[in-house]
Amino acid sequence: MGHAPVDPSTLPFPDNKIRAVLKKDWQVVVAILSLYGVLGFLGSLGGGKKKDEAASAPLTGGAFPPSGYKSGVEPGGGGVPSVTDDSFDAWAKVPGNMAKWEAEVAKM
């Protein structure tokens with residue numbers, strides 16, 4: 001099913017040393033995957049300070065204003081609630097509100 005074992009002396013430098021120790025293809029595959037796993041694990045351990053510093057940086061240019069996203073209609077604001085908001089169905093039944101919603105969608 002497989003092929004004949006590789007003669008390490010016919011291979012270039014890094015391959016000949018690796019094939020002298022890992023004679024079968026599956027051994028090379030397991031060694032490479034293990035190396036990737038170890039490097040990924042070590043990479044996830046380091047850099048804790050970088051994450052803390054990045055989290056404390058002010059957020060600018062996001063999708064929502066710095067005051068945060070507010071679902072629904074602000075009191076006295078006359079705004080349009082989100083379609084996913086629980087109060088949207090009741091708001092949409094009021095005459096004239098769907099025209100406001102269509103105007104807001106057209107602005108997008």
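Student: In which helix is the place of Leu33?

Tutor: Leu33 belongs to helix H2, which spans residues 25–45. Please keep in mind from the outset that the model is predicted.

Student: How far does the confidence of the prediction reach, and where is it lowest and highest?

Tutor: The general idea comes first. Where pLDDT is low, the coordinates of a prediction should not be read in detail. In this protein the mean pLDDT is 74, and 64% of the residues reach 70 or more. Helix H3 (residues 48–56) has the lowest confidence, with a mean of 56, whereas H2 has the highest, at 91.

Student: Is Leu33 buried or exposed?

Tutor: A residue counts as exposed when its relative accessible area is over 50%. Leu33 has a value of 55%, so this residue is exposed.

Student: Which residues make the nonpolar surface patch?

Tutor: Leu33 is one of them. The patch is made by Val29, Ile32, Leu33, Leu35, Tyr36 and Leu39, and its area is about 610 Å².

Student: Let us turn to charged side chains. How many salt bridges does a search of the whole structure find?

Tutor: The search finds two. In one of them, the side chain of Asp25 meets that of Arg19, with 2.8 Å from N to O. Another joins the side chains of Glu104 and Lys107, at 3.3 Å from N to O.

Student: Where is Arg19, and is this residue buried or exposed?

Tutor: Arg19 is placed in helix H1 (residues 13–21). The cut-off for a buried residue is under 20% relative accessible area. Arg19 stands at 16% and therefore counts as buried.

Student: What lies 3.5 Å from a polar atom of the Arg19 side chain?

Tutor: The backbone oxygen of Lys23 is found at that distance.

Student: Where do Glu104 and Lys107 lie?

Tutor: Both residues are in helix H5 (residues 97–107). They are three residues apart, which is about one turn of the helix. Glu104 has a relative accessibility of 34% and so counts as partly exposed, while Lys107, at 64%, counts as exposed.

Student: How is a pair of aromatic rings described?

Tutor: Two values are used: the distance of the centres and the angle of the planes. This structure holds two aromatic pairs. Phe88 and Trp91 form a tilted pair, with 5.8 Å from centre to centre and 35° between the planes. These residues are three apart in helix H4 (residues 88–92), so about one helical turn separates them. Both Phe88 and Trp91 are buried.

Student: Why is the pair of Phe88 and Trp101 edge-to-face?

Tutor: Planes over 60 degrees apart count as edge-to-face. The planes of Phe88 and Trp101 stand at 65°, with the ring centres 6.4 Å apart, and the pair is therefore edge-to-face. This pair links distant parts of the chain: Phe88 is in helix H4 and Trp101 in helix H5, 13 residues apart.

Student: Are Phe88 and Trp101 buried or partly exposed?

Tutor: Phe88 has 9% relative accessibility and so counts as buried. Trp101, at 26%, counts as partly exposed.

Student: Which residues form the aromatic cluster?

Tutor: Phe88, Trp91 and Trp101 together form one aromatic cluster.

Conventions. Residues numbered from 1 in each chain as written. Predicted model: local features only at pLDDT ≥ 70, side-chain atom pairs only at ≥ 80, totals over all residues. Heavy atoms only, no water. Patch = residues over 30% accessible without salt bridge, like charges linked within 9 Å, V, L, I, M, F, W, Y side chains within 5 Å. Areas by Shrake-Rupley, 256 points an atom, 1.4 Å probe, with all protein chains shown as cover. Salt bridge = Lys/Arg side-chain N within 4 Å of Asp/Glu carboxyl O. Helix = DSSP H or I, 4+ residues; strand = E, 2+ residues; numbered from the N terminus. Buried < 20%, exposed > 50% of the residue type's maximum accessible area, 1.4 Å probe, protein only. pLDDT = per-residue confidence, 0-100. Phe/Tyr/Trp six-rings, centres within 6.5 Å; stacked < 30°, edge-to-face > 60°. Polar contact = N/O pair within 3.5 Å; in protein donor to acceptor, adjacent residues only side chain to side chain.
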